[in-house]
Amino acid sequence: MTSSDMTDHDVAGPDSGSGTDSSSGTDGVRITPLAERPELTGRLYEIDEDWPAFIAHDLAASALLHRVPEDFPHYCVVATEGARVIARGFSVPFDAREPGREEAPDQGWDRVLTWAHTDRRLGRPGTVASALEITVDRAHLGRGLSYRMLEAMRAAVRGQGHRTLLAPVRPTAKHLRPGLPMADYIRELRPDGLPADPWLRVHIRAGGTVEKVAPASMTVSASLDQWREWTGLPFDRAGDVRVPGALVPVHCDPAHGRAVYVEPNVWVRHRLRGQDG
């Protein structure tokens, strides 16, 4: 889970409130749970976003992510300015008590998205919620929206009775250092003790705590021609390929005509408080 808003991550504020009240800032931005404004469901992808082209081809994402707003509207948040949708945030509930499950699986993003839809189909109530994404329109970067959307998501999840929001965080600056192991990357701190990574820093300032690395949070496996189309790179030599936007190298296997990207994320736990603290 990440945000397209990379320039305003030093905004901080307390966790307060206990429900899903609409949030209207003095700047004219209104943030609410999607369930309060279902007419916006079909407009959530009007955002001008900057996700790497290959991310949408993760198998779980391509099969299930588009269903999240309709299936879990109380766990999604949307921001508008006037009539325009300028940010979206998705999260889902899942039952972590089922045998073979845990709250923070190594398969991260892919696993919780799959579990959430399985539980909904079987009528199992969620014991915990996990964030999936926060995306801010390019034209609205630098306004603190990523932090405000995270706060709104926390409030929405809390309003559904959960005391915990998990997040398989996709650190926004990790793509600049794809060769560094994620476990080493998340240990890098600023002099004030906060994470060096901007998006991890937002989560920590919002009350989250880093738990562990999810080593195989997302997986994209595709033909070399597909990777060439997505990246403009030749993909003609065996071995690791550095791809813009990728957190780790993509492994190219020309002998079998495939390349595979296995993305690590970072599990962050948010303990949510109600009005009584």
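## The loop between H7 and E8

Phe235 sits in the loop between H7 and strand E8 (239–241); helices (H or I, at least four residues) and strands (E, at least two) are DSSP runs, numbered from the N terminus. Phe235 is not a glycine, yet has a positive phi of about 45 degrees. With a relative accessible area of 3%, Phe235 is buried, where buried means under 20% relative accessible area, exposed over 50% and partly exposed in between (1.4 Å probe, protein chains only). The model is predicted: local features need pLDDT of at least 70, side-chain atom pairs count only at pLDDT 80 or more, and totals for chains, interfaces and linings use all residues. Residues are numbered from 1 along each chain as its sequence is written, and side-chain values use heavy atoms, with hydrogens and water left out.

Helix H7 covers residues 224–231 and contains Gln226. Gln226 is partly exposed, at 33% relative accessibility. Between Gln226 and Ala259 there are 9.2 Å from C-alpha to C-alpha, at a sequence distance of 33 residues.

## The loop between E8 and E9

Val243 belongs to the loop between E8 and strand E9 (250–253). Its relative accessible area of 3% makes Val243 buried. Leaving aside neighbours within four places in sequence, Val243 is in contact with Phe54, Thr231, Leu233, Phe235 and Val250; contact means heavy atoms within 4.5 Å. Tyr261 is 18 residues from Val243 along the chain, and their C-alpha atoms are separated by 9.8 Å.

## Helix H6

Helix H6 spans residues 198–205 and is mostly covered, with six of its eight residues buried. The buried residues are Pro198, Trp199, Leu200, Arg201, Val202 and His203. Their cover includes strand E5 (128–136), helix H4 (145–159), strand E6 (164–169), strand E7 (208–223) and strand E10 (258–271). At the N-terminal end, Asp197 caps H6, with a side-chain oxygen 3.1 Å from the backbone nitrogen of Trp199. Just after the helix, Gly207 has a positive phi of about 110 degrees.

His203, in H6, is buried at 0% relative accessibility. The side chain of His203 makes a polar contact of 2.9 Å with the side chain of His270. A polar contact is a pair of N or O atoms within 3.5 Å; within protein, one must be able to donate a hydrogen and the other to accept it, and residues adjacent in sequence count only if both atoms are side-chain atoms. His203 also lies 7.5 Å from Val268, C-alpha to C-alpha, although 65 residues separate the two in sequence.

## Buried polar contacts

Arg170 is placed in the loop between E6 and helix H5 (182–185). Arg170 is buried, with a relative accessible area of 8%, and its side chain is joined to that of Glu263 by a polar contact of 2.9 Å.

Thr135 is part of strand E5. Thr135 has a relative accessible area of 0% and is buried. A polar contact of 2.6 Å links the side chains of Thr135 and Glu133.

## The second largest pocket

The second largest pocket holds about 280 Å³ of space. On a 1 Å grid over the protein atoms alone, a pocket is an open set of points with protein on both sides within 12 Å along at least five of seven lines, and lining residues have an atom within 4 Å of a point; a cavity is a set where a 1.4 Å probe fits but cannot get out. Grid points are joined across faces, edges and corners, and a volume is the space filled by probe spheres set on the points.

The lining has 20 residues, and those nearest the centre of the pocket are Trp51, Ile55, Ala56, Leu65 and Glu133. Helix H1 (59–64), E5 and E10 are the elements that give two or more residues to this lining. By class, the lining has 11 nonpolar, four polar and five charged residues; Ala, Val, Leu, Ile, Met, Phe, Trp, Tyr, Cys and Pro count as nonpolar, Asp, Glu, Lys and Arg as charged, and the others, Gly among them, as polar.

## The chain as a whole

The chain has seven helices and 10 strands. Of its 277 residues, 51% count as buried. Among contacts with a separation of 6 or more, 75% are between residues 24 or more positions apart.

The structure holds zero disulfides, a disulfide being a pair of cysteine sulfur atoms within 2.5 Å. Cys76 is buried at 0% relative accessibility, and Cys252 is buried with a relative accessible area of 1%.
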